[in-house]
Amino acid sequence: MSANLVIWVPVLLGAVWAAHWGAEHMAEPLKKLRKQRGFSVAAGGAFVGLAAASPEIGINTTSAIRGVGDIGLGALLGSNVLAIPMMVLTAYIATRKRVIGDRGGHEHHEEHRRQHLLQVDRQAVTVQAVPYLGIVALFALLTLPAPWRGLQPIDGWILLLGYLAYAAQALLRGRAEGHEVEWERKEKWLAAAGLAALGAGAYFTVFSTERIVNAIGISKIIGGLFITAPVAALPEVFATWYVARSGQVTSGVTSVIGDHAVTMTLAFIPLTIIGMPIENIQLFWVTLAFVALMPTLYAVFVWWGGRDKGFRRWQVLVLPAVYAIFVAVLVFWVQPFGPGGQGSGGPPSTMADLP
């Protein structure tokens with residue numbers, strides 16, 4: 001076991017560094033692309049979210065190919081519980097800097113710092129959070145009812161249509177006339193290299209984390225929930241940090257919703273292709289409940305945030321506290337730990353489980 005960890009931990013760290021470098025060089029091009037196309041700042045989160053979702057897509061593709069779908073299932077659901085608290089907290093810390101963006105960033109930034117406020121455009125609720133909750137409801141409808149429980153090929157097509165509807169409304173609502181921007185050749189090459197580094201770093205983050213999970217000897221779904229998911233979220237943490245520091249606060253905070261929309265639709269398609277039964281229905285529905293709770297809190301905090309919409313400091317701290325409650329519920333009630341923890345030992349959950 002120790003030899004495997006000695007090999008794969010450095011690979012993991014190198015992959016995370018590559019993702020960090022990639023995210024750093026994508027912030028400014030994303031800002032220019034949003035302005036050029038006339039998309040709203042809330043819709044700008046869809047750009048960052050799609051790029052940042054590469055870890056989850058890599059997880060499920062690798063999991064499907066290698067026949068370890070439980071890692072992908074756990075990682076995607078786990079990341080969708082963890083990522084909102086992580087990204088909101090990251091953006092809050094990143095924007096405590098006195099000056100953000102070009103020439104000071106937002107006009108009222110200093111006032112927001114004194115108020116301990118992370119200002120977010122109200123469109124983040126209508127353009128991102130509410131449509132994402134619709135995707136979560138669609139996913140629950142496809143996977144929870146007993147007659148069609150689990151992931152099947154037809155679910156992949158339905159989830160694809162769900163994502164296309166989400167992306168269309170996010171990009172078209174509130175769109176205005178675009179602005180002319182200048183693209184330097186070096187900037188284009190760095191952006192392309194950054195995207196490639198982010199994708200490669202994400203893939204090897206997943207690959208090396210899978211090796212670490214196997215070396216430790218815990219169940220695959222728990223490894224996905226508590227090892228793969230946090231590590232896979234790191235590239236998005238870096239992206240959120242640099243986008244928020246560049247002055248694109250709303251895009252930085254809403255990118256997590258854009259990422260979630262991808263993970264709950266496109267990223268699940270590899271598992272729908274191979275057919276994925278749900279072996280521990282209690283673990284699944286409890287996790288899915290917290291997947292829905294996080295964006296609900298996100299929407300409530302932003303929509304009813306007072307005159308200046310966004311997250312107050314206490315609200316930023318509530319989100320990690322809810323994640324701690326999620327962990328406590330799993331540890332003390334669901335108790336899915338141990339090498340066999342991915343299964344409930346109950347009756348077959350899909351027709352695929354029958355002899």
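Modeller: Helix α5 (residues 69-94) and helix α10 (residues 220-245) have axes that come within 6 Å and cross at roughly 30°. Helices are DSSP runs of H or I with at least four residues, numbered from the N terminus; axes are lines fitted to C-alpha atoms over the stretch in contact, with angles running from 0 to 180 degrees between N-to-C directions. The crossing of α5 and α10 is right-handed, meaning that the near helix is turned clockwise from the far one by less than a right angle. The residues of this contact comprise 18 nonpolar, seven polar and four charged. Here Ala, Val, Leu, Ile, Met, Phe, Trp, Tyr, Cys and Pro count as nonpolar, Asp, Glu, Lys and Arg as charged, and the others, Gly among them, as polar.

The model is predicted, so local features need pLDDT of at least 70 and side-chain atom pairs count only at pLDDT 80 or more, while totals for chains, interfaces and linings use all residues. Residues are numbered from 1 along each chain as its sequence is written, and side-chain values use heavy atoms, with hydrogens and water left out.

The largest nonpolar core has 73 residues, and F268, Y298 and F311 have the most contacts inside it. Such a core is a set of buried Ala, Val, Leu, Ile, Met, Phe, Trp, Tyr and Cys residues joined through side-chain atoms within 4.5 Å. Buried means under 20% relative accessible area, exposed over 50%, and partly exposed in between, with a 1.4 Å probe and protein chains only. Helix α5 supplies the largest share of this core, 14 residues. Leaving aside residues up to four places away in sequence, F268 touches N60, L73, L76, L77, F139, L151, L159 and T263, where contact means heavy atoms within 4.5 Å.

The structure also holds ten aromatic pairs. Rings of Phe, Tyr and Trp (its six-membered ring) pair if their centres lie within 6.5 Å; planes under 30 degrees apart count as stacked, over 60 as edge-to-face and the rest as tilted. Y163 and Y166 form a tilted pair, 5.9 Å centre to centre with 45° between the planes. Because they are three residues apart in helix α8, about one helical turn separates Y163 and Y166. Both Y163 and Y166 are buried. Another tilted pair joins Y323 and F326, at 5.7 Å centre to centre and 45° between the planes. Y323 counts as buried at 14% relative accessibility, and F326 is buried at 0%. Together with F226 and F290, Y323 and F326 form one aromatic cluster.

Definitions and conventions: Helix = DSSP H or I, 4+ residues; strand = E, 2+ residues; numbered from the N terminus.
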